[in-house]
Amino acid sequence: VIRCRAAVAWAVGKPLSAEEVEVAPPKAGEVRIKIVATGICRTDDHILEGSFPNVDYPVIPGHEGAGIVESVGEGVTSVKPGDKVIPLCLPQCGECSFCLNPESNHCLKSHVSEPQNLLPDKTSRFTCKGKQIHHFLWVSTFAEYTVIPEYAVAKIDAAAPLDKVCLLGCGFPTGYGAAINTAKVKPGSTCAVFGVGGVGLSVIMGCKAAGASRIIAIDINKDKFAKAKELGATDCVSPRDFKKPIQEVLTEMTGHGVDYSFEVVGHADTVTAALASCNMNTGICVMVGVPASGSVIPVDPMLLLPGRTLKGTLLGGWKMRDSIPKLVSSYLEKKFNSDLLITHTLPIARVNEGFELLRAGKSIRSVLLF
């Protein structure tokens, strides 16, 4: 058993609490990882406010991390102690009908199908003050050591800087892949990105890489526009500057609406606006943000009848175990620069400060270091 630092969410609505936790050794098919760095993602904030579905408390959040294998359980063959790895919040068991489908990146082991609050044997590897602490998406990267099933771990290049590539665990591939894999943005096309935080900016990078000729960034926080333009946005628009709905503004700007729109805010009304802003016949709207569990998206059927497509994306459509090592290699080859998303680097002890920066719109990505 290893004793180490962790940030624990004891209950909904409470700030994270710095604790010493005990982390049990890995059982068969499991890997114990020393987390070196972890990003703060909006989804972690959803846990603290209680809007992420099917989470049990107390829990150790965090799902965008990178670290080094400390030890492995019986039967583990894909990684060994000392390997650099990225934990995967979307597993890839390689055996279920989704994993065997080349067009799917879902896995029946994932939280969307059944909660990942305990490891597959329905027990936890975390205890604190004599109490069982739940895992989050199995990864719980806000703990200095964490235990994860082997099929939710990807071995990456030994040259990768862990304090930078931790973003490749969630935010960057989600946005970048939404453009490249889910929407399949075509060269010369027009795109609109609603919400330009870390994931929205990654969508912009994906649209640019795919050859989009016009990329319109939409956000109520104009402080984010300079970074959006730096990463490829051609236009920046704030809905607060207009008396009419933003979808009307975008339709006027583009003639018949954009070819692709991306909702990266996680609000039902923004999804409707993003859908209405794309071309009525061939437009594709991708829902990237995570609306509150149980919320309903009101859609006039006439928005869809002429041919528009509304679709969701899960981690940008990547089969995570196969794709994340390749994305890390692409990062090392400088095919994209996800470092530009990192605005703050903080020690784990200042985790709550990182969340305050996120809520105030003052950070894009904060990286926590152990």
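Predicted model: local features only at pLDDT ≥ 70, side-chain atom pairs only at ≥ 80, totals over all residues.

Me: How many residues of domain 1 are in contact with how many residues of domain 2?

Reply: Residues are numbered from 1 along each chain as its sequence is written, and side-chain values use heavy atoms, with hydrogens and water left out. Domain 1 covers 2-171 + 317-369 and domain 2 covers 183-312, with bounds that come from an automatic or database domain assignment. Counting heavy atoms within 4.5 Å as contact, the numbers are 12 residues of domain 1 and 14 residues of domain 2.

Me: What area is buried between domain 1 and domain 2?

Reply: The size of an interface is often given as the accessible area lost when the parts come together. Here buried area is the accessible area (1.4 Å probe) that two parts lose on being put together, summed over both. Carbon and sulfur atoms give 66% of the total, which is about 1,100 Å².

Me: Which residues in domain 1 lose the most area to domain 2?

Reply: Three residues together make up 43% of what the domain 1 side buries. They are L340, L341 and I364.

Me: How many salt bridges does the count between domain 1 and domain 2 give?

Reply: A salt bridge needs a side-chain nitrogen of Lys or Arg within 4 Å of a carboxyl oxygen of Asp or Glu. By this rule the overall count comes to 21. Between domain 1 and domain 2, however, the count is zero.

Me: Which residue meets K27 in a salt bridge?

Reply: Side chains of opposite charge can pair when their charged atoms come close. K27 sits in the loop between strand 2 (17-23) and strand 3 (30-39), and its partner, 94 residues away, in the loop between helix 2 (97-100) and strand 6 (126-128). Helices (H or I, at least four residues) and strands (E, at least two) are DSSP runs, numbered from the N terminus. At 3.0 Å, N to O, the partner is D121.

Me: Which residues is K208 in contact with, leaving aside its neighbours within four places in sequence?

Reply: K208 lies in helix 5, which spans residues 198-209. With those neighbours set aside, the contacts of K208 are I215, L231 and G232.
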